[in-house]
Amino acid sequence: MRNPTDLKQLAKNLQSPPGRLGAVAASFILYIAAAIFLYPRFGLSITYLGMIPILLGAWFYGIWAGILITFTLYVIVLIILLASGGNIQTAILPGGFLRLASGIIVSLFMGWQGNLIRKNLEESHQRISYLQERTNHSRFLSLLSEILSAAMETDDMEAMLKVLANRTGKLFNTDHCFISFWDEKLRKTIPMAAYGSQSEAFFSAVRQFELGERSLTASVLDAGHALAIEDSRNSAYMSQTVRSKFTNGSALGLPLISGNRKLGAVVLGFDGLHNFTEEEIEHAELAARQISLAVTKALYLDEARKRVHELVGLHDISQAFSLHGEPVQTYGRLTETMAELMGAKMCAISLYDTGMNELLPQAPAYGLDPKQMTVVHYPAEAIENNWDFSKSGVFLANSESEIPAAYIPLAQTLSVNCVLAAPLWDAEEHLLGVIFAANKPGGFTDDDISLIKVLTRQVAAVIQNARLLNAERTRAEQLAVLHAVASASTEATNEDQLIEHVTRIIGKRLFSDSFGILLIDEKTQELCLHSSYRIGSHESLERMPIGMGITGAVARSGMPRRVEDVSVSPEYLSLYPLTRSELCVPLKVETKMLGVVNVESTRVNAFSAEDEELLSIIAGQLATAIQRLRTVQAERFQTQQLERSNALIRALAQVNTRAAVAADLEGVLQTLGNELAKLGLRCAIALSDASGQNVILRYISLPDRLVDALEHISNLHIQNYAIPTSKLTPYSIPSPNASLVKDPIEIVMSWIPDFPERNAKKILKLIGVTRTSSICFLPLITDGKPMGILWMWGEGLHESDLPTMSLFASQLATALQNASLLTEVGRLAVTDDLTGIFNRRHFFELAEEKFSQAQKKNIPLSALIVDLDHFKKFNDSYGHVVGDQVLKAVAQMMSSALRENDILGRYGGEEFSIILPETNSEAAIGVAERLIAHVAEVPIETEAGDLTIQLSIGIAGMNKETPSLHALIVHADQAMYIAKGAGRNRLAVK
């Protein structure tokens with residue numbers, strides 16, 4: 001069974017002209033072939049097959065074609081009959097005429113039917129084609145309506161045009177779609193939206209068009225209708241420069257026109273060559289008209305919104321000063337509002353300063369940082385000479401070439417590419433200042449000119465009202481400040497509190513840029529910045545000599561100074577890079593100079609004669625109050641100093657009393673540090689060594705963490721650090737007098753060779769020595785001989801304290817000497833004279849304590865008895881002196897090999913006893929093996945040369961068989977004899 005699809009295709013092929021001709025020709029040829037070959041067998045009956053080509057011919061080509069084929073076949077039959085030798089009359093007789101008539105009748109009928117059916121088919125095809133065309137048109141209108149609806153959903157023109165470009169490009173199945181606006185005045189194409197791979201190239205290329213450049217947008221708008229360009233490279237509708245910026249292909253330019261207003265153009269582009277049909281052009285023009293309506297509506301809406309926005313902006317401007325009143329907030333709001341209204345990236349207001357005859361920018365300005373603001377000032381004559389306001393009352397430059405030559409460097413510094421400037425006039429037509437707007441994308445328009453004219457009138461009115469308001473506020477503020485300063489002078493309890501309060505008042509209410517007080521240091525004859533100095537976020541000088549800078553000059557002369565522009569003053573010392581003017585008045589009582597009051601501003605000529613007079617009055621009040629507080633403070637200090645001296649005498653006497661009863665040297669030193677800490681003092685003590693060539697640092701009253709930090713900085717071990725006595729000059733030890741250290745850094749650096757000064761400063765800071773601290777140097781002398789040195793430091797030590805300190809040092813030296821003697825007596829009572837280790841009595845005292853602790857806590861403990869093998873032979877062979885040297889050396893070797901918690905003592909003769917706390921028998925064996933090996937391997941230096949000796953050790957661990965220390969020692973002693981009996985130089989355990 002044939003596929004229905006194949007049958008439909010066959011029927012479609014037969015309806016085509018080649019198909020019809022082929023079918024007729026094939027049937028005709030087949031009939032002739034059949035007539036030739038079949039006539040001899042079937043005779044004239046074969047002629048009925050001729051109806052097939054007749055039917056096909058009449059059906060496909062009409063009546064006359066059928067008749068023609070009928071007669072042609074009739075003649076062919078006659079020829080075949082004659083060629084076959086047949087009877088011609090048979091073919092012509094009525095039977096032949098009947099067949100001929102039948103063919104004619106069939107031709108008439110089939111031709112009529114064929115023509116009728118073809119006509120009906122043609123009419124049907126026309127109706128279908130018309131319906132299809134209407135359907136396509138309706139679908140196109142529907143899609144176009146959807147595109148416009150989607151575009152109109154957004155209020156943003158740029159977003160709407162982007163939607164239109166994307167949807168239109170996809171609607172017409174193009175490679176690119178560009179939408180551009182047209183500036184009729186400048187004859188300039190403005191790129192707005194693009195679709196396709198050349199979107200970025202479109203914006204870049206169009207922005208580079210010269211004014212008056214012939215573009216497709218210009219040609220389409222001039223023509224007023226669509227322009228189809230099959231080859232854009234050879235188009236006369238674009239200049240060569242424009243053609244070179246785009247790829248080869250075809251383009252269809254469509255004008256966007258609303259009434260008589262030329263809006264711009266839509267360009268549909270193809271990468272390859274494209275033949276535009278009339279239907280495509282018709283649809284594209286319809287789309288362009290709809291886009292024009294949408295853009296027009298959006299423009300009207302945008303203009304209406306812009307007018308509302310301008311009215312709101314004008315209202316904001318009128319409210320700027322009334323809402324804030326602060327110039328910093330006001331000018332920031334004004335410039336931001338104007339920049340937003342005009343779409344500018346920069347906006348600034350410069351006001352005319354009559355004193356300096358300059359236009360000065362008002363901070364803050366929109367789009368300009370403080371550093372850029374410093375360069376935007378110029379003489380008023382420059383406006384009249386360089387800015388032409390005559391044409392429309394404003395100055396407009398939409399390119400760098402239109403900016404006056406004198407201002408091109410400034411424009412380049414600020415990256416300005418277009419500028420709009422308008423003067424501000426007061427009610428009497430005096431110049432108030434100028435408004436500048438700059439860097440609007442696409443340049444400023446006539447609408448911006450009209451808008452800035454309205455803005456200038458509004459801003460000028462606001463500025464005049466604000467000046468009157470500020471003048472009244474300033475007078476009221478000055479009176480309030482004078483009252484506040486007077487109140488602070490009576491309420492302050494000390495000088496710092498007074499200065500900080502006054503600085504806060506004046507800096508907040510009068511001079512906010514930079515304000516502060518510098519006081520004279522009478523000792524160094526320097527001006528010192530008070531800590532309350534309000535000077536911004538930069539680091540400044542803390543001290544400066546009198547005479548240096550403008551403040552130093554005022555401190556020397558006692559006369560006020562007002563500098564309009566510090567950049568032209570050779571005396572100015574910059575503490576703040578943005579300072580432009582300075583006012584400085586003396587702080588003095590009668591003829592006595594106390595310091596200066598200094599004010600700086602970021603504006604040129606910021607201070608008036610009225611400011612100088614007001615600040616001088618404030619300085620007079622402040623100086624009187626400072627002098628009064630200083631007098632009261634001096635009296636209080638004298639009283640406190642007297643009380644402190646008495647307290648110091650009582651406290652030092654108490655220190656000596658407690659130190660004198662301390663049991664040992666360490667106790668005396670610790671007591672000294674604790675008692676001095678109660679007085680806010682710290683100390684360090686160094687005691688002389690046996691040679692007298694050095695002093696050894698024995699104590700410093702600092703926490704362990706600070707000691708660790710000192711050792712890290714100095715890279716030295718602080719405890720017992722030796723300082724050569726020669727390094728202590730010019731403070732001679734034999735002198736009994738105390739003294740104050742004048743240069744602590746030099747002293748520290750002299751103690752440590754090649755010590756960096758910065759590290760010495762770190763050490764002094766770490767131990768608490770500040771610029772106001774005093775260090776007291778106290779030699780410790782007993783019986784006319786130097787014993788050591790005491791350093792004390794802290795706040796409030798004075799020359800008047802030195803006699804008391806000297807007496808204290810003398811008493812302390814005696815206490816230290818007594819403690820040293822007691823310490824030595826105590827040491828001799830518990831140690832063996834020969835070996836330096838514990839004697840038998842003290843050993844058993846300590847061992848009993850350890851044994852009791854072990855029993856209570858149920859922890860292991862072991863005892864060792866050590867005997868020197870063949871020691872009698874040493875005495876017999878080398879003498880008792882050498883024998884004593886061997887005993888002492890062995891004792892020291894064992895002491896160094898044991899733990900700090902272990903107890904070593906001389907048991908008797910050449911025997912030693914050892915207690916190992918927290919050690920079981922197994923661990924004790926390890927200790928004994930280590931001692932045997934160590935003593936046997938290390939030569940002992942004696943008068944008889946290097947000698948070696950061996951040990952026999954007995955070990956006993958605490959258990960049920962050793963309920964007492966005595967039992968434990970007996971077991972260890974027995975084990976020692978076992979070791980000796982086994983051959984010596986070994987250990988045994990029992």
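Let's start with a pair of residues: A684 has W791 as its bridge partner in strand β23. Two strands count as paired if DSSP finds at least two bridges between them. The strands and helices I name are DSSP runs, numbered from the N terminus: E for strands, at least two residues, and H or I for helices, at least four.

A word on the source. This is a predicted model, where local features need pLDDT of at least 70, side-chain atom pairs count only at pLDDT 80 or more, and totals for chains, interfaces and linings use all residues. Residues are numbered from 1 along each chain as its sequence is written, and side-chain values use heavy atoms, with hydrogens and water left out.

Back to β23. Strand β22 (residues 774-782) also pairs with β23, antiparallel, over nine bridges. There, C776 has M792 as its bridge partner in β23. The hairpin of β22 and β23 has two residues between the strands, and D783 takes a positive phi near 55°. Is β23 enclosed or open? Eight of its ten residues (785-794) are buried, so the strand is largely enclosed by the rest of the structure. Buried means under 20% relative accessible area, exposed means over 50%, and partly exposed lies in between, with a 1.4 Å probe and protein chains only.

Next, the cores. A nonpolar core is a set of buried Ala, Val, Leu, Ile, Met, Phe, Trp, Tyr and Cys residues joined through side-chain atoms within 4.5 Å. Which residues touch the most other members of the largest one? V890 and F912 do, in a core of 30 residues. Several elements give two or more residues to this core, among them β24 (861-868), α27 (880-897) and β26 (911-917). Helix α27 gives the most, seven residues. A second, separate core has 28 residues, including V707, I747, V748 and I789.

Now V890 by itself. Leaving out residues up to four places away in sequence, V890 touches L868, F912, V935, I940, I949 and L951. Contact here means heavy atoms within 4.5 Å.

On to β26. Strand β24 runs antiparallel to β26, joined by seven bridges. In that pairing, V866 stands opposite F912. Strand β25 (residues 903-908) pairs with β26 too, antiparallel, over five bridges. Here I903 stands opposite I915. The hairpin of β25 and β26 has two residues between its strands, and G909 takes a positive phi near 60°.

Look at L864 in β24. L864 is buried, at 0% relative accessible area. L864 and F912 are 48 residues apart along the chain, yet their C-alpha atoms are separated by 8.2 Å. Beyond four places in sequence, L864 touches residues including F912, I914, L916 and A928.

Last, T551, which is found in helix α18 (residues 549-557). Buried or exposed? T551 counts as buried, at 7% relative accessibility. Its contacts, not counting residues up to four places away in sequence, are L518, L527, M544, E582, C584, V596 and N598.
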